[in-house]
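Here are a few notes to read with the model open beside you. Have a look, then go through the points one at a time.

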Amino acid sequence: MSTEPRLAEVAEPEPAARAAPGTDQAVKETLEDYTLRFAPRSYRRWTPMVVATTALGGIAYMADFSIGAGIGLAHGTGNALLAIAVAAAVIFVTGFPLAYYGARYNIDLDLITRGSGFGYFGSVLTSVIFASFTFIFFALEGSIMAQGLKLGLGLPLWLGYLVSTLMVIPLVIYGMTALSKLQVWTTPIWLLLMVGPLVYLVATDPGTVDRFLAYAGTDGDGGINTASVLLGAGVCLSLIAQIGEQIDYLRFMPPKTEANKRSWWTAVVMAGPGWVVLGALKQAIGVFLAVYVIAEVGASAAPEPIQQFKGAFDAMMPSWLVVPLAVVLVVISQIKINVTNAYSGSLAWTNSFTRITRRYPGRMVFVLVNLGFALALMEADMFSFLNSILGFYSNCAIAWVVTVATDIGINKYVLKLSPHAPEFRRGMLYAVNPVGVVAFVAASGLSIALYFHALGDTLQPYSPVAAAVIAFVLTPLMAVVTKGRYYLRRIDDGIAEPLLDEDGNPSAVTHECHVCRQQFERPDMAACRTHDAVVCSLCLSTDKAGDHVLPAGV
């Protein structure tokens, strides 16, 4: 069960303060992990290392092996390794400010995006992008698991897709508590099964390394080619949105203090942008195993992780043990990542739906919605055109993440046109901030045009570069043009008490929301427009009439 304190029954509010439909349901749900709001200090009971281990457990996916294999088979080992390195560098640099803000201020990436250039409703665009990321990668991992179940148990693929979808539902219901236990206990087994075959092959047959390094690919001659590197990097950069799933865990970091600052920073870097180090390593291993499988079995099986590890296990253990171990590895990996995909996707969909409709249907509704999209993709055999999907998707993901990272790094800290502390509450933000929205739409739109050859074949490989460069240039330019006036609708939230404590952490002082009668910590509250009282951020989100939302002003 969740460690979140069980919420009391909601007292019936006075008519003037009655909550909008859906609010009572939201505050009564005891298994939620603060879906739409700041994660309070009273809930964040985990140590930095437990949070980091849980977050890193979510990147146990097998898709990296397929992505690396696909790039290596098409463009050769040299181009693939360079593509992986370029993408990893971009992901690390852009992920660092986002991870820091999520851990420091205990909010997810959607809440960060609202106050970092997009506005209260403007960030709905990026929530949909992120939700799409979660069901695309859920479908990819589910496809890989179905391949394993077909090999090990003889299940037809369509049934394997269904099994891989349904089995995560019980785990996702319980949120952070169940996920932390699952990720911590399964990570050592997963690491052993993943790294063991690679070490064995390199140690017993050094020739595998020579064949790996010399592999030229189907589209190349073995030399380094800029277009091939960029095309490969574009596929890898589709994973840039993974930082959103990392932040869904990092928001539960404890307060940063003088006593824990070393472990705090280690956890943030390791589980934030540091996820890409392990991700890049897995992609490189995917190239290595694909080249090995080509030599042993044939090219058709090389992109499938189940076949990659089956081939590797064949070389190091009795035949009767090979398929069971390969299936165990695939199943563990799929469960570890797809509980995260389902969890994070449900948060993103719920965020968007609640803001647009001002109704809160419950996170579990959108767990099922996300799984439905993923299952449809699996049944459509998305695995067969994986690189095309990821290459297209990466343009939108890059434009979003680079825009938000640039707003934090440049607009907040260099130009000082964006408010330093993140803001996410309705009433405090403009509905749309042109800084982030214009930069994102222009960067994603132009890069997608490039991707679909609208400006010629020569420029097509440069679409991910265009997405990053346009977002990086336009974000500060729009802040300068607008003079930063569209970040905050008002500066004063009507509560005299500071948002942050003496250490710069969000204040732990609690107030009672006069709509739902629940206690919430200071950063989640704002003064009420019509009463001498305060209102929590979720009740503000579900206020259809806007009775409690502060007017524009100082």
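1. Arg517 is partly exposed, at a relative accessible area of 25% (buried is under 20%, exposed over 50%, partly exposed in between, with a 1.4 Å probe and protein chains only). Arg517 sits in the loop between β1 (510-512) and β2 (519-521), and its phi is near 65°, a positive value in a residue other than glycine. Most residues other than glycine have a negative phi.

2. Before going on: this is a predicted model, where local features need pLDDT of at least 70, side-chain atom pairs count only at pLDDT 80 or more, and totals for chains, interfaces and linings use all residues. Residues are numbered from 1 along each chain as its sequence is written, and side-chain values use heavy atoms, leaving out hydrogens and water.

3. His453 also has a positive phi, near 65°. You'll find His453 in the loop between α19 (434-451) and α20 (463-482), partly exposed at 41% relative accessibility. Helices here are DSSP runs of H or I with at least four residues, strands are E runs of at least two, and numbering starts from the N terminus.

4. Now α14 (residues 275-296) and α15 (residues 305-314): they pack at about 70°, with axes 9 Å apart (axes are lines fitted to C-alpha atoms over the stretch in contact, and angles run from 0 to 180 degrees between N-to-C directions). That makes α14 roughly perpendicular to α15 (under 35 degrees is roughly parallel, over 145 roughly antiparallel, 65 to 115 roughly perpendicular, the rest oblique). Among the residues making the contact are Leu289 of α14 and Phe309 of α15 (contact means heavy atoms within 4.5 Å).
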